[in-house]
Amino acid sequence: EYAKNRCDGSDFGYVLCDFLQRQSDAAEVGKTIPTNFIKKYLGLSSLNEFRRNYRFDKACVNLVSTVPGYHPGRFSTKHLSKISGESEERFDRRIFYGPQRVSDILHRCKLQNWLPSDDAKNDKLIFQTTSFGSHWKNNQFIYLIKQYMALDGDLSCIEDQADDVLKQAHIVWPTKKEMKRIRNNTKANFGDMSDEDPPEDGQHFVFLSTEAFNEIDLSVLSCMTQYEVPKLSPINFSLSPHIKTYARVMHSKKKYVNGFQKMIHKNKKNEDTDLAWVMLTSACLSRGAQGYTVKKNGFEANDERGYTNFELGVIFCSRLEGKSSTDRLYRCYSNTSCDCAETQTWMKNDGKQYFPYIVHLPIPYEMNSKTYQSDPDGDSYQFLEDPYFNEITSTSIVKGNMSLTPCGKKARTKSLE
């Protein structure tokens with residue numbers, strides 16, 4: 001059960017009903033809409049009745065929705081959306097969307113001392129997505145990072161903190177070689193079992209064009225790391241990436257979290273990846289899904305974002321208060337078999353031991369992956385590997401950022417012959 005805020009229990013049900021109502025409002029005439037669906041198939045008269053019929057208030061995860069429109073964030077004094085429904089069911093409960101919603105959840109977790117508050121600057125922020133949109137500029141991406149790291153309270157120092165903030169971000173993206181390996185692997189494992197052939201190049205659910213690549217700031221591209229399938233995995237094959245995940249990875253050498261010392265057993269390799277939080281979502285790294293700056297009367301509205309997409313995800317937050325009965329730590333798989341019931345011995349400041357519940361998540365890629373560039377912390381932006389591109393045009397491959405990639409250099413040399 002999530003920390004109480006303004007109303008009892010989790011707000012999962014309220015966020016879900018708001019999302020379904022927004023989709024119903026935007027649906028085409030004559031199409032099946034969520035509100036009609038619950039009436040026809042669940043026999044419920046309204047979204048409020050739907051919410052009351054299920055124990056959404058006991059949810060241990062948080063729902064993160066995105067809906068089209070201009071939406072103020074948690075620093076705005078402007079009243080936000082109210083829950084749709086009968087008048088007696090309306091609440092002054094704020095509804096946030098996209099990264100604004102994530103930031104609000106993480107700030108509430110911080111207030112409850114759930115999340116690590118120390119050494120956050122050494123933690124990593126993972127953006128693993130299957131679509132990388134164009135026009136990502138330095139300031140826009142830094143603003144996004146600060147929202148996902150719950151550091152958006154002070155937006156005035158973005159320029160001063162640019163280098164440090166960017167170093168925390170890792171945009172996990174498959175290489176051309178990795179996608180080819182996955183394709184061959186898929187064919188070897190499923191070639192005789194499927195009526196359809198595995199996808200050819202350009203037919204995967206991964207979207208980045210050479211034209212979009214050229215329109216992204218180099219400082220953002222420097223955050224790219226390679227999507228790699230784990231060496232230790234519960235399954236012996238891999239499929240084309242279709243999952244979208246965002247996560248804060250706690251620093252691997254961090255021995256203390258919220259003042260508690262992790263006790264590492266000598267007979268076990270410390271290959272685990274501890275997660276402050278992880279989000280599974282439909283939202284890719286595009287402006288329509290992540291939001292863009294809203295301008296009013298020629299000026300930017302700092303705490304208001306515009307969205308064009310409908311997106312939905314769930315965020316899993318670790319809980320590290322020092323209570324064995326309720327604490328949990330999400331962790332990326334590091335074994336070939338499931339050990340979800342594992343506990344780990346931690347030491348409190350008073351010398352007493354406590355045992356947070358360890359929840360292993362089957363993340364299908366390495367969270368400590370290789371960088372694309374030879375000197376990501378320096379001035380060189382040269383790519384060592386080709387990112388996977390689903391669309392390559394003859395005019396864009398020979399210029400701009402593409403000239404930093406192996407395939408771009410090769411194409412340019414050939415064009416000059």
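## Contacts along the chain

Let's start with how the chain meets itself in this predicted model. Take the contacts between residues at least 6 apart in sequence: 76% of them join residues at least 24 apart.

## Secondary structure and surface

Walking through the fold, you will find eleven helices and 16 strands in the chain. The chain has 417 residues, and 51% of them count as buried.

## A look at Thr273

Where does Thr273 sit? Its place is in strand β9, which covers residues 273-281. Thr273 has a relative accessibility of 8%, and because buried means under 20%, this residue counts as buried.

Which residues does Thr273 touch, once its neighbours within four places in sequence are left aside? Its contacts are Val249, then Tyr330, Arg331 and Cys332, and finally Met367 and Asn368.

## Cysteines

How many disulfides does the structure hold? The number is zero.

Cys223 has 4% relative accessibility, so it counts as buried. Cys407 comes out at 16% relative accessibility, which is under the 20% cut-off, so Cys407 counts as buried too.

Key:
Residues numbered from 1 in each chain as written. Predicted model: local features only at pLDDT ≥ 70, side-chain atom pairs only at ≥ 80, totals over all residues. Heavy atoms only, no water. Disulfide = S-S within 2.5 Å. Buried < 20%, exposed > 50% of the residue type's maximum accessible area, 1.4 Å probe, protein only. Helix = DSSP H or I, 4+ residues; strand = E, 2+ residues; numbered from the N terminus. Contact = heavy atoms within 4.5 Å.
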